[in-house]
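Work through the exercises below with the model open beside you. Try each task before you read its solution.

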Amino acid sequence: MGAFRCGTVAIAGRPNTGKSSLLNSLVGQKIAIVSPKAQTTRHTVTGILTTADCQYVFVDLPGYQTRHVNVLNRALNRQATEGTRDCDVVVFVVEALRYGAADREVLARIPAGQCVVAAVSKIDLVKDRLELLPFLERLQKERAFAAIVPVSAHKGRNLDELLRVLAEHLPEGPAAYPAGQLTDRDERFFAAEILREKLFLLLGEELPYRCDVSLESFKDEAPKGKGKGLRRIEATIWIERESQKPIVIGAGGELLKRISSAARKDMERLFGGKVYLGVWVKVKRDWTGDERLLRQLGYR
Ligand SMILES: Nc1nc2c(ncn2[C@@H]2O[C@H](COP(=O)(O)OP(=O)(O)OP(=O)(O)O)[C@@H](O)[C@H]2O)c(=O)[nH]1
Ligand SMILES: [Mg+2]
């Protein structure tokens with residue numbers, strides 16, 4: 001066995017290619033939120049995997065977006081671009097058989113000379129494996145990738161191979177985090193993210209992009225040293241206009257109830273204990289275009 005390696009791996013790509021799903025499968029725990037809608041990730045999340053000879057510090061980046069132009073999206077694009085600089089290796093995630101202008105744009109933003117491994121995602125959706133070969137050949141011409149690895153986060157396919165290739169490109173050095181540590185984010189962060197995921201899953205096509213979540217309070221009533229107590233969480237869903245309120249709340253409050261109950265169940269699973277979740281819907285006019293408000297909501 002060679003020397004221990006440790007380094008950061010940024011996961012980049014256009015929206016919806018399966019970056020967050022890949023992170024979750026690689027670390028074996030759902031820490032990044034996932035939805036069928038593009039531009040789900042808004043905050044970089046770190047997922048740490050420690051094996052016998054390597055510690056991988058994965059950083060899930062927001063998909064580089066071209067769809068909405070506002071202050072929020074400029075902040076997300078900044079994170080997406082900067083994230084590919086401050087790392088040892090970039091995993092460039094591209095959907096199998098779907099390489100286009102948006103992917104090319106992301107690739108062009110990764111600094112020249114940066115080590116890039118292409119992960120061709122969602123190969124479980126490719127019916128005819130023969131189609132994959134010409135696709136991989138074409139992809140190879142786009143950049144001098146250190147490797148191209150077809151993967152499926154859903155089926156766990158080829159993840160070992162991806163990890164093996166990545167380790168080769170990480171520097172030798174001691175682990176940066178304790179072996180058991182999974183992430184650098186705390187429970188408060190995950191509580192807000194889980195609620196935001198439910199907005200992406202249960203609201204219509206446009207509204208999730210008009211919503212954000214912040215936590216008002218988070219009280220862990222567990223006895224010291226034990227993780228099984230009640231967590232009391234109060235959260236706010238921010239919307240841009242008063243007219244959006246009835247849509248989020250739904251007739252008789254039914255939709256908001258579904259949203260909070262789905263979020264509460266996921267929080268209980270992740271935290272391993274009971275959760276009381278109170279959710280309010282409040283208006284912060286045009287928050288997606290207001291730099292000061294965005295900073296309050298945790299955007300850089
Ligand atoms: N069939 C299949 N679907 C996948 C796979 N990985 C991700 N998906 C789906 O692709 C969609 C997007 O997944 P995400 O992981 O949220 O993608 P993302 O790249 O993080 O998206 P953004 O954060 O919006 O940039 C979801 O509906 C996932 O369930 C896979 O391996 N196979
Ligand atoms: Mg994501």
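Two strands pair if DSSP finds at least two bridges between them. Helices (H or I, at least four residues) and strands (E, at least two) are DSSP runs, numbered from the N terminus. This is a predicted model: local features need pLDDT of at least 70, side-chain atom pairs count only at pLDDT 80 or more, and totals for chains, interfaces and linings use all residues. Residues are numbered from 1 along each chain as its sequence is written, chains are lettered from A and ligands numbered from 1 in the order in which they are written, and side-chain values use heavy atoms, with hydrogens and water left out.

**Exercise 1.** Find the bridge partner of Val-93 in strand 5.

*Solution.* Start with the strands. Strand 4 (residues 89-95) and strand 5 (residues 116-121) run parallel, joined by six bridges. Now locate Val-93: its bridge partner is Ala-119.

**Exercise 2.** Give the strand order of the six-stranded open sheet, then name its edges.

*Solution.* The order is 2-3-1-4-5-6, and the pairing is mixed. Strand 2 (45-50) and strand 6 (147-150) each have a single partner strand, so one side of each lacks a neighbour in the sheet.

**Exercise 3.** Describe the three-stranded open sheet and say which helix packs on it.

*Solution.* Its order is 7-8-9, with mixed pairing. Strand 7 runs antiparallel to strand 8 (residues 231-239), with eight bridges between them. Ser-214 stands opposite Thr-236 in strand 8. Helix 6 (residues 187-202) packs on this sheet and touches strand 7, strand 8 and strand 9. Touching is contact, meaning heavy atoms within 4.5 Å.

**Exercise 4.** At what angle do helix 1 and helix 5 pack?

*Solution.* Axes are lines fitted to C-alpha atoms, for helices over the stretch in contact, and angles run from 0 to 180 degrees between N-to-C directions. Helix 1 (residues 19-27) and helix 5 (residues 159-168) pack at about 90 degrees, with their axes 11 Å apart. Helix 1 and helix 5 are therefore roughly perpendicular (65 to 115 degrees; under 35 is roughly parallel, over 145 roughly antiparallel, the rest oblique). Next, the residues: Leu-22, Ser-25 and Leu-26 in helix 1 meet Leu-159, Leu-162 and Leu-163 in helix 5.

**Exercise 5.** How far is an oxygen atom of ligand 1 from a polar backbone atom of Gln-39?

*Solution.* The distance is 2.6 Å. For Gly-18, a polar backbone atom lies 2.9 Å from an oxygen atom of ligand 1.

Definitions and conventions. Polar contact = N/O pair within 3.5 Å; in protein donor to acceptor, adjacent residues only side chain to side chain.
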